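Q: I have a model open and want to learn how to read its packing. Where do we start?

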Amino acid sequence: MENTTSKKRCCDSVRDFFTSAKFLIYLGHALSTWGDRMWNFAVAVFLVELYGNSLLLTAVYGLVVAGSVLLLGAIIGDWVDKNPRLRVAQTSLLVQNCAVILCGVLLMVVFQFKEQLTVLYNGWLLTSCYILVITIANIANLASTAMSITIQRDWVVVVAGDDRSSLADMNATVRIIDQLTNILAPMLVGQIMAFGSHFMGCGFISGWNLFSMCLEYFLLWKVYQKTPALAIKAGQKDTGDQELKHLNIQKELENPEGPAEASQLMNEAAVVKSDKEKNPGCCYQMSEPLRTFRDGWVAYYNQSIFFAGMSLAFLYMTVLGFDCITTGYAYTQGLNGSILSLLMGASAVSGICGTVAFTWVRKKCGLIRTGFIAGMAQLSCLMLCVVSVFAPGSPFDLRVSPFESMISHLLGNNAPLPEAPTMSSMVTTEAQGLLNISMQSEEMPHIESYMSVSLLFAGVIAARVGLWSFDLTVTQLIQENVAEAERGVINGVQNSMNYLLDLLHFVMVILAPNPEAFGLLVIISVSFVAMGHMMYFRFAFKSLRSRLFLCCSPEQKTDADPPSLAV
């Protein structure tokens with residue numbers, strides 16, 4: 001009898017978990033992230049393939065995406081703040097997935113009829129298709145940014161409630177999903193394109209987004225139904241109407257015969273509100289986005305977590321990650337696609353360890369101290385990268401001008417470039433290596449020693465533990481300390497700061513593209529990471545000192561700690 005009761009309780013617990021709002025958010029995020037990772041990987045490969053293995057379209061796309069988020073991040077966040085949660089999530093979901101589907105169909109047409117499009121109107125029709133693809137893909141990325149802000153920075157906080165441990169667990173789980181999909185999704189679509197065709201890859205991604213959009217839409221509605229707090233939002237445009245609707249629902253439940261009275265009250269309030277509203281001028285309306293942009297950045301600067309957010313943004317100014325820059329450098333140092341795939345897998349495992357470590361250290365040491373520990377761990381591991389610059393096998397040589405290849409192109413010099421390929425020229429090789437992950441490179445440069453590149457990647461992989469713990473720390477600090485009415489705009493500006501520093505790191509590579517100058521880029525990257533953590537240490541010292549002052553003050557001993565000083 002006891003065994004039967006325990007089994008029933010166990011089954012009920014499992015059923016409750018799989019039908020809970022938390023699990024539905026995890027499932028929806030996994031579907032969304034899987035589609036995003038497939039698309040982000042595939043669109044770069046598609047653009048390289050369409051333009052004859054040139055990086056021009058890929059570079060233009062990256063510049064447009066980064067510039068759009070940089071300029072529109074605050075405006076997107078303000079839109080998230082001022083509209084109902086469900087409407088924002090559903091609109092972002094529909095726009096993002098429909099844009100990806102439309103872009104996939106357009107790419108299928110271009111791949112199928114590229115020769116005919118090249119001839120029509122002297123190739124202008126094909127150029128128009130390229131512009132249209134980049135524009136639609138950029139719209140999809142902006143919608144994805146809005147979706148990320150509303151779900152990861154707002155819905156998760158509401159679902160977790162006042163339980164900070166639950167919020168930390170949810171953030172960690174979401175980040176683990178990000179890590180897994182970041183590795184598995186590109187591998188899947190890469191195999192489809194390698195063994196099938198780019199046409200099939202476009203079709204698969206479009207079909208996936210159509211299926212995912214329908215399922216995610218349903219999951220969003222279920223989460224909204226299971227979490228009544230999501231219906232109440234501070235800072236919304238129709239706050240008065242929202243409160244009256246909530247009051248109307250309560251009155252209907254208490255007195256079913258009197259819904260008309262509540263409706264009449266709502267109508268009267270709407271009339272009064274419309275009378276009070278003034279018709280702004282045309283110039284005022286046109287300048288509203290500029291005011292929103294300005295107000296968003298001012299609000300971000302005035303936040304108590306300003307230095308914590310800036311510290312996270314500074315971590316984007318680095319070449320020490322598994323992007324096209326570091327991967328291209330690895331190819332010049334003799335590493336093939338197979339080894340790189342194993343290193344990327346190790347990096348994902350290291351990132352997952354960082355998310356797990358975050359939840360454990362936060363419970364033992366508190367949130368702010370967790371960020372301090374994570375920062376020290378990351379900086380310590382990155383010292384291996386600095387050592388690799390001077391280790392045997394390093395191509396670091398300041399006698400080779402980092403501007404040599406750029407000046408040669410600008411002056412039209414036809415002299416042959418150095419034999420060692422530049423990192424930017426290796427991006428195409430990286431994409432081809434990922435698509436044919438099991439094949440060895442045909443020609444590998446002869447390297448006397450692999451000690452330098454081994455130390456470099458050992459430092460990069462080990463630093464991921466501290467990096468992801470620190471990222472989760474700052475994310476939760478923003479979630480806990482930013483007012484509900486400003487969550488969208490503050491996170492929108494945070495995304496803009498991240499993209500700004502990411503753009504600067506690409507500019508840095510453009511100015512010094514030779515492998516001989518990569519060591520200089522490593523030193524600059526570690527310096528920026530150190531400056532970022534110094535900003536966080538300043539924030540942590542100020543916050544902990546304020547907490548100590550409150551604890552020592554006799555009249556404050558019995559009061560609860562304010563959220564902004566929680567550790």
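Q: Which residues touch the most other members in the largest nonpolar core?
A: Keep in mind that this is a predicted model. A nonpolar core is a set of buried residues joined through side-chain atoms within 4.5 Å. Here the largest one has 65 residues, and Leu320 and Phe457 touch the most other members.

Q: Which helix gives the most to this core?
A: That is α19, with 12 residues.

Q: What does Leu320 touch?
A: Leave out residues up to four places away in sequence. Leu320 then touches Thr326, Leu382, Cys385, Leu456, Val460, Arg464, Val522, Ser525 and Val526.

Q: Which residues does the second core include?
A: This separate core has 60 residues, among them Met108, Ile134, Met213 and Leu230.

Q: How do the axes of α16 and α19 cross?
A: Look at the distance and the angle. The axes of α16 (residues 367–390) and α19 (residues 451–481) come within 7 Å and cross at roughly 160 degrees. Angles over 145 degrees count as roughly antiparallel. Therefore α16 and α19 are roughly antiparallel to each other.

Q: Is the crossing of α16 and α19 left-handed or right-handed?
A: α16 passes α19 in a left-handed crossing. Their contact has 18 nonpolar, 11 polar and 1 charged residues.

Q: How many helices and strands does the protein have?
A: Count 21 helices and 0 strands. Of its 567 residues, 48% count as buried.

Q: What share of contacts joins residues at least 24 apart in sequence?
A: Take contacts between residues at least 6 apart in sequence. Of these, 85% join residues at least 24 apart.

Methods
Residues are numbered from 1 along each chain as its sequence is written. This is a predicted model: local features need pLDDT of at least 70, side-chain atom pairs count only at pLDDT 80 or more; totals for chains, interfaces and linings use all residues. Side-chain values use heavy atoms; hydrogens and water are left out. Axes are lines fitted to C-alpha atoms, for helices over the stretch in contact, and angles run from 0 to 180 degrees between N-to-C directions. Helices (H or I, at least four residues) and strands (E, at least two) are DSSP runs, numbered from the N terminus. Angles under 35 degrees count as roughly parallel, over 145 as roughly antiparallel, 65 to 115 as roughly perpendicular and the rest as oblique. A crossing is left-handed if the near helix is turned anticlockwise from the far one by less than a right angle, and right-handed if clockwise. Ala, Val, Leu, Ile, Met, Phe, Trp, Tyr, Cys and Pro count as nonpolar, Asp, Glu, Lys and Arg as charged, and the others, Gly among them, as polar. Buried means under 20% relative accessible area, exposed over 50%, partly exposed in between (1.4 Å probe, protein chains only). Contact means heavy atoms within 4.5 Å.
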